[in-house]
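Look at the sequence and the structure below before reading on. The paragraphs that follow start with the whole chain and then turn to some of its parts.

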Amino acid sequence: MTSPARRHFERVSAAQAAADAGEAPMQGEAFELMQAALFEDYRRLKATQSIERKIEIKREILPNYAEYVAGVLEAGQGAQDDVLMRVMLWRIDAGDLAGAIAIAKYATKHGLTPPDQFERGTAAIIAEEVADQALKLLDDDNTNTTELLAQLEEVEQLTGDADMHDQIRAKLHKALGYAHRANAQLEAAQANLERALALNDRIGVKKDLERLDREIKQNAAAKPTG
């Protein structure tokens with residue numbers, strides 16, 4: 001385990017490198033060390049075929065980047081940073097949506113672009129990847145659905161004005177709809193699922209919308225009339 005002194009040094013070094021880079025691409029020793037570590041970790045992940053094992057590896061290695069990320073977010077001026085963007089994606093895959101959203105806020109504020117192999121823009125990646133992860137988490141009985149809903153709403157707010165394919169935005173509204181439903185907010189769930197369907201008629205929510213409609217009508221009928 002890294003010592004507190006070492007973690008402090010890593011954070012301060014990253015903050016200094018981010019401040020020095022300004023709006024130019026990220027550079028400096030702290031960045032180069034993280035870039036080298038990321039290269040090795042990326043190779044390890046590429047050599048692993050099991051998706052489940054890849055997620056385990058990401059959870060194992062992500063703490064190694066925590067102080068660097070904290071330093072950059074603390075002092076960064078918007079330098080393009082492929083290490084930061086890769087960590088954001090790994091955090092989503094590992095289920096650390098709060099950690100990913102912290103980077104996403106910085107990335108969208110400063111217009112950072114995703115790594116080269118991604119054809120989608122940053123906002124589209126954030127919306128789609130978080131929605132996909134949220135839909136998986138909603139199937140887990142241990143998920144804090146109140147927290148997840150707040151995170152999805154934050155992503156929707158972050159990416160709401162961005163241009164992206166309708167299918168991606170539909171997926172985000174689908175996740176929002178199911179998260180609202182999990183929190184017994186039926187009208188909000190209905191509104192989001194209807195929006196998802198309007199954006200993509202193959203999004204797969206028609207049956208759920210029918211069930212929601214019946215449930216809302218039943219609840220209304222059961223209310224005392226005064």
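What pattern does the protein chain follow when read along the sequence? The pattern is α-α-α-α-α-α-α-α-α-α-α. In other words, the secondary structure comes to 11 helices and zero strands. Keep in mind that this is a predicted model. Along its principal axes, the C-alpha trace of the chain spans about 70 × 40 × 35 Å. The chain has 226 residues, and 45% of them count as buried. Among contacts between residues at least 6 apart in sequence, 63% join residues at least 24 apart.

The largest nonpolar core holds 66 residues. Helix 7, residues 122–137, supplies the largest share of this core, with nine residues. The members that touch the most other members are M26, Y68, V72, V83, M88 and L152. Take M26 as an example. Leaving out residues up to four places away in sequence, M26 touches A14, A17, A18, A21, F31, Y68, V72, A79, Q80 and D81.

Now consider how one pair of helices packs. Two packed helices are described by the angle between their axes and the distance between the axes. For helix 2 (residues 29–46) and helix 5 (residues 82–93), the axes come within 10 Å and cross at roughly 40°. The two helices are therefore oblique to each other, since an angle counts as roughly parallel under 35 degrees and as roughly perpendicular from 65 to 115. The crossing of helix 2 past helix 5 is left-handed. On the side of helix 2, the contact is made by F31, M34, Q35, L38, D41, Y42 and L45, and on the side of helix 5 by V83, R86 and W90. Sorted by type, the residues of this contact are seven nonpolar, one polar and two charged.

A19 is placed in helix 1, residues 4–21. Its relative accessibility is 35%, so A19 counts as partly exposed. Apart from residues up to four places away in sequence, A19 touches A75 and Q77. A19 and H110 are 91 residues apart in sequence, and their C-alpha atoms are 14 Å apart in space.

A184 lies in the loop between helix 9 (166–182) and helix 10 (186–199). Because its relative accessibility is 61%, A184 counts as exposed. Most residues other than glycine have a negative phi. The phi of A184, however, is positive, near 60°.

Technical notes:
Residues numbered from 1 in each chain as written. Predicted model: local features only at pLDDT ≥ 70, side-chain atom pairs only at ≥ 80, totals over all residues. Heavy atoms only, no water. Axes fitted to C-alpha atoms, helices over the stretch in contact; angles between N-to-C directions. Helix = DSSP H or I, 4+ residues; strand = E, 2+ residues; numbered from the N terminus. Parallel < 35°, antiparallel > 145°, perpendicular 65-115°, else oblique. Left-handed = near helix turned anticlockwise from the far one by under 90°. Contact = heavy atoms within 4.5 Å. Nonpolar A, V, L, I, M, F, W, Y, C, P; charged D, E, K, R; others polar. Core = buried A, V, L, I, M, F, W, Y, C linked by side-chain atoms within 4.5 Å. Buried < 20%, exposed > 50% of the residue type's maximum accessible area, 1.4 Å probe, protein only.
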